[in-house]
Protein chains: 2
Amino acid sequence: MKALVLSSGGIDSTTCLALAVEHYGAGEVLALSVAYGQKHTKELQAAQAIAAYYGVKHRHLDLAELFRDSDCTLLQGGGDIPKESYADQLKETDGKPVSTYVPFRNGLFLSAAASIALSNGCEVIFYGAHSDDAAGNAYPDCSAEFNDAMQTAVWIGSGKQLRICAPFVDKTKADVVAVGLEKNAPYHLTWSCYEGGEKPCGVCGTCRDRAAAFAANGVKDPALEVNHEG
Amino acid sequence: MKALVLSSGGIDSTTCLALAVEHYGAGEVLALSVAYGQKHTKELQAAQAIAAYYGVKHRHLDLAELFRDSDCTLLQGGGDIPKESYADQLKETDGKPVSTYVPFRNGLFLSAAASIALSNGCEVIFYGAHSDDAAGNAYPDCSAEFNDAMQTAVWIGSGKQLRICAPFVDKTKADVVAVGLEKNAPYHLTWSCYEGGEKPCGVCGTCRDRAAAFAANGVKDPALEVNHEG
């Protein structure tokens, strides 16, 4: 294996997977998905379908135990998921992350990915952090500053055997969608909504961001077209 | 809770625990120990005994699944543990870590600790990395450069809510033992040997380092005195 891709089943990581498969070939790519107690376990089924679409090996990891004491609203047992945009939510957080921030999730996922990647001879980890999620400190573990530090930590801590590639860390979600449309990423298979219901709720932060990103590219969201019409 | 201490049951982390308990009080300290498929599970029993000695809450985490594909010699199913000093081992590794380096272990443990610490309101994570382990790239995830990067990653990635304290990152193991002796750390309860046999093997890298650190302080190793005499 050459590359490990953190694959959540959403737009950003699916676009990363498209890039990794294009560059390394499906046989050299390992997709890693993590259960962490999220309400929307539906994203894990999406990740599995996307890995099958590309014909890459898919590994599933359960780290829910680590978040059992968290009151994050994204998690089972947490409070209600906010129905406002991130910008509106941030007016109430006093500089802290939004309530759907999962404690150090990206750091944990990148570190778990590093241990697995090194154990399988991979030279690079891809993940889909982008600047919209980092804006206003909504998700500080999506910021370029965080990414720089983790890149150094993984490079040095691995004995210079493994690096992190975050191709969208300075780009918007609309930019990500533009890349994915060009690469024919299977967006019809993706899942983003935090609620994990039958259809996307349309009002959680990530539903709003997803809709705006497709709108900015002048296309309809293929997941809404294919899976949830009517 | 105020402080989380990564506690392996060895000398370095037990000295960290002594410092954290002195500073924050036992009621505000959470000790975290991790099973990762190590041969010397005996260290986990030591960690439990040390947490009980200090009267701190102790949490156990099993992350062995992450290392199932690793050929690290420290792990069950790995090859033989070298019987030479780290300095001698490094003559054969061509600049790579020693064979007992567990892939990105400290990054993973610090990240898992960060998720748990944030979920429990802690403001700081203590861990016992020291310069002897980092020397010559034996364990690159014990180096000051790695630690600096992880400190930044945790501080930024947590939204400036959590920091890492590595009090020995620029010190030798002999320095660590000097601190612990001054603080009356319960070294008689600790376990270091990688083999995890009835008695310490005396010839693995960590047995050698431990013996040298006590010798440098002019004292006998109390664990050898109390637990394993005869």
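Guide: Two residues are in contact if their C-beta atoms, placed from the backbone, lie within 7 Å. This is a predicted model: local features need pLDDT of at least 70, side-chain atom pairs count at pLDDT 80 or more, and totals for chains, interfaces and linings use all residues. Residues are numbered from 1 along each chain as its sequence is written, with chains lettered from A and ligands numbered from 1 in written order.

Visitor: How many residues does the contact take from chain B and from chain A?

Guide: By that 7 Å rule, 36 from chain B and 36 from chain A.

Visitor: Which elements give two or more residues to the side of chain B that touches chain A?

Guide: α4 (105-119) and α6 (144-157) of chain B. The largest share, 10 residues, comes from α4(B). Helices here are DSSP runs of H or I, at least four residues, and strands are runs of E, at least two, numbered from the N terminus.

Visitor: What makes B:Phe146 of α6(B) count as buried?

Guide: A residue is buried if 20 or more other C-beta atoms lie within 10 Å of its own, exposed if 12 or fewer, and partly exposed in between. B:Phe146 is on the buried list of α6(B), as are B:Met150 and B:Val154, among others. The cover for the buried residues of α6(B) includes α4 (105-119) and α6 (144-157) of chain A, together with α4 and β5 (163-165) of chain B.

Visitor: Why are β1 (residues 3-6) and β2 (residues 29-35) of chain B called paired?

Guide: Two strands pair if DSSP finds at least two bridges between them. β1 and β2 of chain B have 4 bridges, so they are a pair, in the parallel sense. In β2(B), B:Leu30 is the bridge partner of B:Leu4.

Visitor: Which residues touch the most other members of the largest nonpolar core?

Guide: A core is a set of buried Ala, Val, Leu, Ile, Met, Phe, Trp, Tyr and Cys residues joined through C-beta atoms within 7 Å. Of its 154 residues, A:Ala113, A:Ile125, B:Ala113 and B:Ile125 touch the most other members.
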